[in-house]
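Reader: I am new to this structure and would like to learn how to read it. Could we go through a few features together?

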Amino acid sequence: MPERLIYLDHAATTALDPRVLEAMLPYLTSDYGNASSIYTLGRRAMQAIDRAREEIAAILNCRPTEIVFTGCGSESDNLAIKGVALAARNKGQHIITSSIEHHAVLHTCHYLERFGFNVTYLPVDEHGLVDPEAVERAITAETVLVSVMYANNEIGTIEPVEEIGRICRQRKVPFHIDAVQAGGALPLDVKALNADLLSLSAHKFYGPKGVGILYVRQGVRLLPQLQGGSQERGRRAGTENVAGIVGAATALRLAYEELEQVQPRLRTMRDRLIEGILSRVPRSRLTGHPTRRLANNASFCFEGVEGESILLNLDLLNIAASTGSACTSGSVEPSHVLVALGLPPEWARGSLRLTLGKDNSEEDVDTVLTVLPGIVEKLRSLAS
C-alpha cells in the first residue's frame, strides 16, 4: 500500500497552492475590511479586489469591468444562463446547449423550461464532440443564448468552442462557455474564443473553494440573480469574499505562468496511463476524444464491473479517483455523459476517471498500472 495518498481526482478539486494561501492570509487577518466601507481598511480591501480583477482580465484579454466575482462555478453558470435568458425573454425563449454539459448548466436549463423557455439539447458523437454545424442549424429567430462547455469534466474532450462562438457572433446570439474544467489548462482569451460569457471556478486550478469568476462582455444584457447591494457593478449582490478573490487571481496567474512547464508533463503521464491500462486490462476502452482532450484526463470504461467498486478498492490502497463528476457521486445510474456517447449500460456503469495534477509523479502512474488490472480482474470474478 502506498505510504502517501496518490491523488488522481484533480478534476473534482485541487489542493490550495501554498503561494495562494500566502496571498490570501492578510485579507483573513489584518486587512479584514468590508470593500464597501469608505475608510482606509475598506479601501484596502477594494484595492485588492481591483488588482485581482485586473490580473484576471489580463489573462482573459478583456476589460477589468467585464469580470464578475461569484461564489462558485455553478453560480457563474447560473448567472450567465438565467441572467441572459431572463433579460432577453421578450425577444425569444429558446436556448441551445449540449447533452453532456455539467449539471450546473443542464439543471439551470431544466429550471428555465418550467417558466416557458424551450431548450435544444444537441447530441454529441462517440467522442463527445459537439458539431458546430448542428449548433448553426438549431439557431432560430427565437434563440437568446447558446451555452457549450470548453472541456468536459468527465471525459476530458475539448469542444470546438472557437468555431461555435464564431457562428453565434455571425448570428448575433450570445455565446456562453462553461470553462470550469479548462481554467489553468487551456487558453482563455475570450476574444479568440468568440465568447460573450465565460465561467471559471478557482478551486479547479489550485485556488480556494467558494470563488467563481464570470466574464460578461460589455454590452451583454444580464439580469442579476441576487438582489441586495450594488456590488460587482450591480450584477451580483453580496459582501465580497476579498481573500477568496485575491486567491483566485493569484492561482490563475500562477497557472498560466507555469502552463508550459506543467501541461507537457501531465500529458506524458496521461498517455502512459491510457496506453498502460488499455493494454493491461481486458475489455477496457477509453472514453472521450483520443487526442483532443485535457492534458491531465484519462477516463475509461470497463465492461462487467461497477465503477464504485473500483473506487473503493483503489481507496483501500490510498489512491483517490472518480467515476466522473464529483457532483453526481452516490448516483447508481450511468453518467449522462457516457449515455450520450452511446455506451451500453454494462459498459457505462464501469467508468473510471483519473485526473492528474502537478504534484503527481511517474511513480504514481506505475502504482496505478500495477494494481488496477488485479482489481478489475477480482471484481469480475466476484460478479461471475
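Reader: Is Val130 buried or exposed, and why?

Author: Glad you asked! This is a predicted model, where local features need pLDDT of at least 70, side-chain atom pairs count only at pLDDT 80 or more, and totals for chains, interfaces and linings use all residues. Residues are numbered from 1 along each chain as its sequence is written, and side-chain values use heavy atoms, without hydrogens and water. Buried means under 20% relative accessible area, exposed over 50%, and partly exposed in between (1.4 Å probe, protein chains only). Val130 has 3% relative accessibility, so Val130 counts as buried.

Reader: Which residues is Val130 in contact with, leaving aside its neighbours within four places in sequence?

Author: Contact means heavy atoms within 4.5 Å. The partners of Val130 beyond those neighbours include Ser98, Leu122, Glu159 and Val148. Val148 is 18 residues away from Val130 in sequence, yet their C-alpha atoms are 8.4 Å apart.

Reader: How does the span of helix 2 agree with its number of residues?

Author: Helices (H or I, at least four residues) and strands (E, at least two) are DSSP runs, numbered from the N terminus. The expected span of a helix is 1.5 Å times one less than its number of residues. Helix 2 (residues 40-60) has 21 residues and should therefore span 30 Å, which agrees with the 30 Å between its end C-alpha atoms.

Reader: What covers the buried residues of helix 2?

Author: The cover includes strand 2 (67-70), strand 7 (197-201), strand 8 (212-216) and helix 7 (242-257). Among the buried residues of helix 2 are Ala45, Ile49, Arg53 and Ile56. Just after helix 2, Asn61 has a positive phi of about 60°.
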